[in-house]
Amino acid sequence: MGGRRRFRGRPEDAAGDGPSLPCPAEPMGPGASRAAAARSGLAPRRARAAGEAARGGRAPAAVGEEEEEEEEEEEEDEAELEELLGPSPLALEPGAQRVAIVHPAVKWGPRKSPLTTAELQIAEAVALVDTLQNWTVLDKIIIPTKNPDKKFVFGKGNFQVLTEKIKKLPHLTAVFLNVERVSSLTKKELEGAWGVKVFDRYTIVLHIFRCNARTKEAKLQIALAEIPLLRSNLKNEVSQRDQQRGGSRYIMGSGETFLETQNRILKERELKIRNALEKLRRKRSLLRTQRRKREFPMISIMGYTNCGKTTLIKALTGEAGLQPRDQLFATLDVTAHAGYLPSHMAVIYVDTIGFLTDLPHSLVESFSATLEEVAYTDLIVHVRDITHPETILQKATVLSVLKNLNLPSHLLDSIVEVHNKVDLIERYKPTEENALAVSALHGHGLEELKQEIEKKILTATGKKILTIDVNLEGPQLSWLHKEATVQEVEVMPEDGTARVKVIISSSAFGRYKNLFPNSKIFMS
């Protein structure tokens, strides 16, 4: 090799000379574009309008009028958004709650799950309550039932036993009935019998979402998830009015009954929320297009709530600012985090909302705008807490939600399964084929995981690893640093050339061949 000099590419080279990476924790939400514009000191709309005026010969006054109209529309949108994000009529009162958790244990039949037990189900209910500040579990009660859908949930004898237990609990403020959803009629009957508030899983999870929501989009999705509950409460309120007044009353000669008026208001509210979410979705689509232009591979990190997704992303990216929390639904908003694979290829890891069993479809559907981001990524990494006694049920829950998202088949077929928290199990070895054992907290197995991700990303994106001979006096090396990931540069000073190993996308490779048709190219 004589006087040849070899330089290996570094992550900072890829970031400095290649396409610029987003901020380490770039929000995927639409607010990111406005924040970026503010940071850069640009006024995109004004610059665009001025440019269009120059091209189209319009007077500056006309441009100014358009700007004012757009700003007025934006102000109106903001005002409407603030109204939609106002205090929720369903929000639970702040302050401490002393809760008894009651779990209806289905002993037989199609409603009994073979993948769990009543003890494990009530343990998850305890974890939900422990997520809420100043909430305390006073007692955990498992009561058998044949049919949890009946009016009082339990049989007459068991209901009487349960009522006596509840009434003996000191300073009790609420009962958490661990079922997916309780009808407003059943809720009213149970509260009358027990003398305290009654919550179901829908109510508790929605309250956790409210406490953890940070962005406007998350808050709008929660407001949308509340609509079915508001409708249910409305029916109950109307039936009470009918009993008290002997029938429905028309409102102030309007020709509408109270029920019709309130239903119309709810429909209008739902439409406004969906329109606001659609605007945010379009803005997020624009951000996604911008990322696509920069050709960074996108990797969705998914899993059951509290499985360690954020901890894994922190370990993969080295992002010190990420602060994982040991609680359910700590992440509600989709965020993007920059990292590097072993070849120094820059990628974006996308942190997503966690999943939970027995969530009503309408609650999952409300977050579909957030979850749809997964369909546009190049790879899914499914993280499992392998120490959890219900890890098989949790896997089934996640895969069921992913299938219902109508994702492309190639995404579902190429999922990387990660068995996390293996540091808590002595000499753990995965039994499932192609699963990788990892401890995100201690770094065990991360290099193997990165290599597997890189292999699948190269396949999914069609990127190529090539070696190219370049003339050091020409612009090729500078172009490759800007448009590709340079892994290694081997300089041959005797003839003024270099052998460059790169990872390059198909589109960039096509542009390179057009610009430099005489380059020698070798497949690695």
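Residues are numbered from 1 along each chain as its sequence is written. In this predicted model, local features need pLDDT of at least 70, side-chain atom pairs count only at pLDDT 80 or more, and side-chain values use heavy atoms, without hydrogens and water.

**Exercise 1.** Classify the pair formed by the rings of phenylalanine 159 and tryptophan 194.

*Solution.* The whole structure holds five aromatic pairs (rings of Phe, Tyr and Trp, the latter by its six-membered ring, with centres within 6.5 Å; planes under 30 degrees apart are stacked, over 60 edge-to-face, the rest tilted). The centres of phenylalanine 159 and tryptophan 194 are 5.8 Å apart and the planes stand at 25 degrees, so this pair is stacked. Phenylalanine 159 belongs to helix H6 (residues 156–168) and tryptophan 194 to helix H7 (residues 184–194), so the pair ties together parts 35 residues apart in sequence. Helices here are DSSP runs (H or I, at least four residues), numbered from the N terminus.

**Exercise 2.** Determine whether phenylalanine 159 and tryptophan 194 are buried or exposed.

*Solution.* Buried means under 20% relative accessible area, exposed over 50%, and partly exposed in between (1.4 Å probe, protein chains only). Phenylalanine 159, at 13%, is buried; tryptophan 194, at 4%, is buried.

**Exercise 3.** Characterise the pair of tyrosine 512 and phenylalanine 516.

*Solution.* The centres lie 4.9 Å apart with 50 degrees between the planes, and the pair is tilted. Tyrosine 512 and phenylalanine 516 are both buried. Together with Trp479, Tyr512 and Phe516 form one aromatic cluster.

Terms used
Helices (H or I, at least four residues) and strands (E, at least two) are DSSP runs, numbered from the N terminus.
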